[in-house]
Amino acid sequence: QKQLVESGGGLVQPGGSLRLSCAASGFSLDYYAVAWFRQAPGKEREGVLCITGSDTTAYYEDSVKGRFTISRDSAKNMVYLQMNSLKPEDTAVYYCAAGDWYYGDCRAGRAEYDYWGQGTQVTVSS
């Protein structure tokens with residue numbers, strides 16, 4: 001079965017850092033677009049940033065530029081989200097998603113992504 005599992009969420013103070021992991025099983029993330037989405041309480045799930053199969057990064061949200069970095073570790077079949085300078089407004093459940101395409105823009109909508117993890121909670125609070 002093709003599955004994704006997120007981990008690494010938790011409670012962090014404003015200005016702190018956190019790294020989320022997205023582990024794939026049943027397929028190789030190297031040939032997929034991978035995106036991180038987030039959903040804050042009472043809000044719609046929105047794309048944050050993503051990486052193409054050719055390792056090009058794109059941002060859905062300008063607010064995370066310079067603070068969030070997405071990367072892929074092919075040997076471990078994992079994708080990471082490094083979050084620095086965290087703000088309270090970053091508080092949300094974070095989801096990774098994989099789309100079965102290699103080329104092209106990875107900033108696709110929710111319906112275009114094929115596989116989803118269960119989400120991991122990130123809370124930024126003092």
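How many aromatic pairs does a search of the whole structure find? The search finds nine, where rings of Phe, Tyr and Trp (its six-membered ring) pair if their centres lie within 6.5 Å.

1. Basis of the note. This is a predicted model, in which local features need pLDDT of at least 70, side-chain atom pairs count only at pLDDT 80 or more, and totals for chains, interfaces and linings use all residues. Residues are numbered from 1 along each chain as its sequence is written, and side-chain values use heavy atoms, with hydrogens and water left out.

2. Phenylalanine 37 belongs to strand E4 (residues 33–39), whereas tyrosine 113 is in the loop between strand E9 (92–99) and strand E10 (115–116), 76 residues apart. Phenylalanine 37 is buried, at 2% relative accessible area, and tyrosine 113 is buried at 4% (buried means under 20%, exposed over 50%, partly exposed in between, with a 1.4 Å probe and protein chains only).

3. A pair of sequence neighbours. Tyrosine 102 and tyrosine 103 also form an edge-to-face pair, with 4.6 Å centre to centre and 85 degrees between the planes. Tyrosine 102 is partly exposed, with a relative accessible area of 31%, while tyrosine 103 is exposed, at 66%.

4. Charges over rings. Arginine 19 lies over the face of tyrosine 80, 4.2 Å from the ring centre. Over the ring of tyrosine 95 sits the charged end of arginine 45, at 3.6 Å from the centre. The criterion is NZ of Lys or CZ of Arg within 6 Å of the ring centre and within 35 degrees of the ring normal.

5. Chain architecture. The protein chain has 11 strands and zero helices; these are DSSP runs, with helices (H or I) of at least four residues and strands (E) of at least two, numbered from the N terminus. Among contacts (heavy atoms within 4.5 Å) between residues at least 6 apart in sequence, 60% join residues at least 24 apart.

6. Overall dimensions. The C-alpha trace spans about 40 × 25 × 25 Å along its principal axes. Buried residues account for 45% of the 126 residues in the protein chain.

Key. Rings of Phe, Tyr and Trp (its six-membered ring) pair if their centres lie within 6.5 Å; planes under 30 degrees apart count as stacked, over 60 as edge-to-face and the rest as tilted.
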